[in-house]
Amino acid sequence: MNVKRVIANLVVHLKQFSREKSTIFFVLAFPILLMLLFGFIFSDVGSSVGTLYIQDLDGGAYSQGLVGAFNGTGVFDVTMVDTNISPDQYYADNNIDILLVIPAGYSDSIYMKLLDPASPEANLTILYDQSNTNTQTKISIVGSVIDGMNKELSGSVNYIGVDLQGQQSDEFKFIDFFAPGIIAMSVMSSSLFGTVGMNTELRQKGILRKLATTPLTRAEWLLSNILYQMFMSLLSTVCILAVGMGMFGLRPHINIYMFVFILLCVFSFAGIGMLITRFVKEAESAQAAANAVMFPMMFLSGTFFQLEMMPDFLQTLARFLPLYYVNEGLRAAMISLDYSIILESALVIGTFGTVVFMLGVMLTSWKEN
Amino acid sequence: MADDVISVKDLVKVYDDVRAVDGITFAVEKGEVFAFLGPNGAGKTTTVEIIETIRDATSGEVSILGMDVKKNRTEILKRIGVLPQEFSSFDRLTVEETLKYYAALFCTDCDINKLIDLVNLEEHRKKLYINLSGGLKQRVGIAVSLVNDPEIIFLDEPTTGLDPRARHDVWEVIKGLKKEGKTIFLTTHYMEEAEVLADYIAIISKGKIIAYGTTTELIDKHFKTVKVTIKGGTEGVGSLAEKMGMPTQGRDNGNITIEASGNEQIVEFLNALKANNISYLSMDIRKPNLEELFLVLTGEALIDKRVTQ
């Protein structure tokens, strides 16, 4: 193993990549587009835009004035909540994104404040979904309405305080479920198609034949390819995370387990790619074979929707697909931190990746028959 | 022989049921340009790839620089340079980067500038490979085959698919290598290429070597006659020649080709023409070429003219 040769190869792959605009598009733009598309489709599930839920436990003159002020903005469609239900309960049960609670004694507090500026503020409570960008907009509008009320009452002293209570829902939002799936899928497709495409193209052009007449060894060549695929996979992962975090409030755990699963995914699918090109020499057939491997896996391993939605026999089938374990593992690593799932998935995909990659290395030959 | 850098003995390669290489034996001496001449599918590339260690033989012995190709692959590869058939390289590397990459694979500090100079690519060194013409690509390929300063250079059909101008440019590069004393193993299906470049020629057909020697040796051995072509001759040229016992062929457009046994017979014939008051526009005397030799030996043309060129 000669490090200089491995690096020389890696540099060639990176130069080829950075100078080919269509590859850049497919490797980076495709996963980003998927994220944007599905992010927008599902980010507002369960939250009706423009609705402000208010629970008025006070019922006094000032609380009615406040509700009137919110109604008067024209931005909000104000819905009053039954005062007999606890606000937390209502928030959790009704899948809403913002609930303003006017506590009992709110009007009295304002009277007191008017009489004696040193007395405590009248406090409002807002329960909201802190991961939803749409809710953030609502909060700022609520804030400006309250500011307006404050100015009207005094001019300088705050009569009304706000207690913001961000809610972390137990149910994962769709984006939490979706982002690790998209990462797994793009790592799979870039490793699989990257390996298949590179091998068939270089073989067809006769570059592999030329390389066979140099001291470059098979192991050095495969290692540099794997390093290149890892680089590409990390690049698309960074893009997906940037979109998810920047636009859809994704807050994943970024840890060593995440990288382990990405690495194992590269090994597994680069290995499958090597095996495909070992047996299917013609470029178009090899692409078709790679598609035949990828598509069922994309839809059956829980990339786009939860497996529980599928019939039992398909759920059983999914457990035989390597991508299922990458999906499960990445979700556990990035979202739920369920260590038993992390361990189990890592063992399965690790074993699979090792076997496939070793087979790929053993069966790939420089020599022609 | 002590000076043999390549020695091939009873080499056989069988693909499924086809004997692509059918028991061939030959040797190449140090410093010579050896041409392997034959039509497409004759077994040239199979043979050369077995010598280059990238293909396994079915049987036979091949040694290169005194080493067995089956046992010393790594060592052999360090000391030979290869331009494979239909050479191609990474599209989006420049000429310079391509040479540096291959030099890095050999881990040698080769003088890239000297190589670029040798194949005359100075003005193209910053261009991407994909933007080069066919002839320039081949010259990059030849430069790449030289990065490890090899003792033997294998050029597998270096000018196939090139236009005549580009072909001559590549020939100039190969002549330059020859001057430097490199041993060159050339495979080609162009007779002219072998005639221009080679010291020694082996003609291969259907997996067998059917003739072996220098161009002159081959022609002299197989053709005892000289060809005389009379252009624009008046009536009676053909019948006169036949009367004198010389076979004639190709009577078209007023041209006629006559086979003479040697210079004496030509002089005799010219005198007879004069005596019979037969005039002609021009006359051309030549030995048969490799193309005709191939036709004589195999009964088939070296190049299928309907397909190539």
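Me: What makes this a pocket, and which residues lie nearest the centre of the second largest pocket?

Reply: A:Thr23, A:Phe26, A:Val27, A:Phe193 and A:Gly194 lie nearest its centre, out of 31 lining residues. The term pocket applies because the set of points, on a 1 Å grid over the protein atoms alone, is open and has protein on both sides within 12 Å along at least five of seven lines; a cavity is a set where a 1.4 Å probe fits but cannot get out, and lining residues have an atom within 4 Å of a point. This is a predicted model, in which local features need pLDDT of at least 70 and side-chain atom pairs count only at pLDDT 80 or more, while totals for chains, interfaces and linings use all residues. Residues are numbered from 1 along each chain as its sequence is written, chains are lettered from A and ligands numbered from 1 in the order in which they are written, and side-chain values use heavy atoms, with hydrogens and water left out.

Me: What is the volume of the second largest pocket, and which elements give two or more residues to its lining?

Reply: The volume is about 910 Å³, counted as the space filled by probe spheres set on grid points joined across faces, edges and corners. Helix 1 (3–18), helix 2 (21–42), helix 7 (174–204), helix 9 (218–248) and helix 11 (283–300) of chain A give two or more residues to the lining. Helix 7 of chain A has the largest share, 10 residues. Helices here are DSSP runs of H or I with at least four residues and strands are runs of E with at least two, both numbered from the N terminus.

Me: Which residues does A:Thr364 touch?

Reply: Leaving out residues up to four places away in sequence, A:Thr364 touches A:Arg218, A:Met274 and A:Arg278. Contact means heavy atoms within 4.5 Å. A:Thr364 lies in the segment after helix 14 (339–363) of chain A. A:Leu202 is 162 residues from A:Thr364 in sequence and 14 Å from it in space, C-alpha to C-alpha.

Me: Why is B:Thr53 called buried?

Reply: B:Thr53 has a relative accessible area of 1%. The name applies because buried means under 20%, with exposed over 50% and partly exposed in between (1.4 Å probe, protein chains only). B:Thr53 sits in the loop between helix 1 (44–51) and strand 4 (59–64) of chain B. Although not a glycine, B:Thr53 has a positive phi of about 70°.

Me: Why is B:Glu157 called buried?

Reply: Its relative accessible area is 6%, so B:Glu157 is buried. B:Glu157 belongs to the loop between strand 7 (152–156) and helix 6 (164–179) of chain B, and has a positive phi of about 50° although it is not a glycine. Across chain B, buried residues make up 52% of the 309 residues.

Me: How do you know that strand 4 of chain B and strand 5 of chain B pair?

Reply: They pair in the antiparallel sense over two bridges. The term holds because two strands pair if DSSP finds at least two bridges between them. B:Ile64 stands opposite B:Met67 in strand 5 of chain B. The hairpin of these strands has two residues between them, and B:Leu65 takes a positive phi near 50° there.

Me: What is the order of the open sheet of four strands, and which are its edge strands?

Reply: The order is 2-1-4-5 in chain B, with antiparallel pairing. Strand 2 (18–29) and strand 5 (67–68) of chain B are the edge strands, since each pairs on one side only. Five bridges join strand 1 of chain B to strand 4 of chain B, and B:Val12 has B:Ser59 as its bridge partner in strand 4 of chain B.

Me: What is the order of the open sheet of six strands, and what makes strand 6 and strand 10 of chain B edges?

Reply: The order is 6-7-8-3-9-10 in chain B, with mixed pairing. Strand 6 (80–83) and strand 10 (208–213) of chain B each have a single partner strand, so one side of each is left without a neighbour in the sheet. Strand 3 (residues 33–37) and strand 8 (residues 183–188) of chain B run parallel and are joined by five bridges. B:Phe36 stands opposite B:Thr187 in strand 8 of chain B.
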